[in-house]
Amino acid sequence: MSSTSLSRTAVGRRAGFAQGLLLLLGSCMPVMGSVLITPVLPQLSEHFAAAPGVEILVPMIVALPALMIAVFAPVAGQIADRVGRKRLLVAALFVYAVVGTVPAWLDDLGGILASRALVGLTEAAIMTVCTTLIIDYFQGERRAKVIGLQTVATTIGATLFIAIGGALGAGGWHAPFWVYSASILIAVPMLFVLWEPTAEERMLGENAGTRVRIPWRRIATALVVTVFAGFSFYVVILEVSYLVVAAGVPAERTGVIGGVSAVASLATAIGGLLFTRISKLGPGRLLPLALFAQAVGMVVIWAVPSLAGVIAGAIIASFGSGMVLPSLFLWFIAHITPEVRGRVTGLVMTAFYLGQFVTPILIGVLTGVVAGATGVAALSVAVGLVGVAAAIVGVAVAIGLRHGVRSTVAPSVAV
């Protein structure tokens with residue numbers, strides 16, 4: 001196949017706006033799974049207040065899918081190769097609609113958590129296959145453009161989903177879960193618009209030399225930092241609704257809670273968009289800058305635990321979060337050759353989502369320790385301490401990238 005027809009199949013099909021739009025919309029579904037119900041978490045905590053371990057179990061309703069993605073995203077890719085990308089994607093979207101809406105008519109915390117684990121399994125398939133199909137369908141500059149739009153779409157989608165969740169939450173915590181059925185509206189047109197890539201298309205979408213070993217020694221430190229980054233990234237997303245309630249807003253005012261969460265999410269989008277303009281600064285400057293912004297925002301929440309302080313701190317921290325993941329990818333690219341980028345990207349996502357999963361556990365433990373030492377509810381203090389940790393990690397990364405880590409990159413590595 002010639003270079004002038006790289007985005008055409010053997011029978012002349014060409015991926016265009018319709019295919020790109022559906023894959024971008026599909027990519028937003030895992031994001032919806034993470035953020036849609038954050039405005040109603042305080043309501044869920046009040047409803048299940050008598051349940052043992054509620055302080056950790058209710059936030060786990062949001063975080064559990066992240067564990068499933070971290071564990072099963074690589075497996076989803078292997079399944080897609082065997083049963084077909086389109087088939088797995090469409091089936092996952094239909095199942096997502098079913099298991100996602102289960103909590104809308106369920107009133108059992110254990111059952112809700114089980115359904116959320118199933119949501120995570122479907123999200124692993126949706127996220128993996130949507131990205132893979134973008135690589136299969138588009139090549140060269142068109143592929144880079146669609147992948148860039150994927151980041152923008154998911155971030156803007158997160159802002160909208162938080163606002164929707166907050167608005168619907170006014171009718172009770174069950175209501176937002178019905179929104180998961182919207183995945184059917186994406187799955188149905190996919191049946192007619194998408195196609196299963198040919199073997200030739202898959203070859204175009206993959207790098208040669210897949211037997212090249214992953215340079216574990218070069219990326220080990222970056223993977224550890226990525227786990228922490230996933231944790232620090234998710235702290236504000238997961239805890240902002242509780243912080244707003246702690247600042248005096250009733251849990252039933254989900255519109256206000258959702259509004260604050262949406263503003264923070266919008267700040268994340270702005271941080272991501274700014275990154276595209278300053279990416280030439282390199283990870284040695286951008287990643288520490290992103291971590292420092294997170295640190296400042298979280299310390300503001302600690303120092304000024306009023307509603308105004310929570311809003312200001314969430315905006316600053318979220319702005320930094322918008323630059324964290326793309327900065328990490330720059331760091332990894334500087335350490336690897338093109339032949340292993342696909343596998344290393346999977347490892348990055350696994351590490352990042354693992355950090356998200358442990359967020360409610362670590363925050364719950366940290367809050368308990370602080371409360372035991374001070375005798376007061378101390379979520380804002382716990383968030384502030386995470387900010388201090390982010391600053392320390394930022395300093396360590398800045399020093400490491402300048403003096404130690406960068407020197408380990410082989411001269412032949414493509415940057």
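Q: Why are α1 and α5 described as roughly antiparallel to each other?
A: In this predicted model, the axes of helix α1 (residues 17-35) and α5 come within 9 Å and cross at roughly 155°. Angles run from 0 to 180 degrees between the N-to-C directions of lines fitted to C-alpha atoms, for helices over the stretch in contact, and the cut-offs are under 35 degrees for roughly parallel, over 145 for roughly antiparallel, 65 to 115 for roughly perpendicular, and oblique for the rest. The pair α1 and α5 is therefore roughly antiparallel.

Q: What makes the crossing of α1 and α5 left-handed or right-handed?
A: The crossing of α1 and α5 is left-handed, the word used if the near helix is turned anticlockwise from the far one by less than a right angle, with right-handed if clockwise.

Q: Which residues in α1 and α5 meet?
A: On the α1 side they are Q19, L23, G26, S27, M29, P30, G33 and S34, and these meet R116, E123, I126, M127, C130, L133, I134 and Y137 in α5, where contact means heavy atoms within 4.5 Å. The residues of this contact of α1 with α5 divide into 9 nonpolar, 5 polar and 2 charged; Ala, Val, Leu, Ile, Met, Phe, Trp, Tyr, Cys and Pro count as nonpolar, Asp, Glu, Lys and Arg as charged, and the others, Gly among them, as polar.

Q: How do the axes of α1 and helix α7 cross, and at what angle?
A: The axes of α1 and helix α7 (residues 183-193) come within 10 Å and cross at roughly 150°, and α1 passes α7 in a left-handed crossing. In α1, the residues A18, Q19, L22, L25, G26 and M29 meet S183, I186, P189, M190 and V193 in α7, and this contact divides into 8 nonpolar, 3 polar and no charged residues.

Q: What makes α4 roughly antiparallel to α5?
A: Helix α4 (residues 85-101) and helix α5 (residues 109-137) have axes that come within 9 Å and cross at roughly 150°, and that makes α4 roughly antiparallel to α5. The passage of α4 over α5 is also a left-handed crossing. Among the residues that make the contact are L88, L89 and Y96 of α4 and L118, I126 and L133 of α5. The residues of the contact of α4 with α5 divide into 14 nonpolar, 4 polar and 3 charged.

Q: How are the residues numbered, and which atoms do side-chain values use?
A: Residues are numbered from 1 along each chain as its sequence is written, and side-chain values use heavy atoms, with hydrogens and water left out. As this is a predicted model, local features need pLDDT of at least 70 and side-chain atom pairs count only at pLDDT 80 or more, while totals for chains, interfaces and linings use all residues.

Note on methods:
Helix = DSSP H or I, 4+ residues; strand = E, 2+ residues; numbered from the N terminus.
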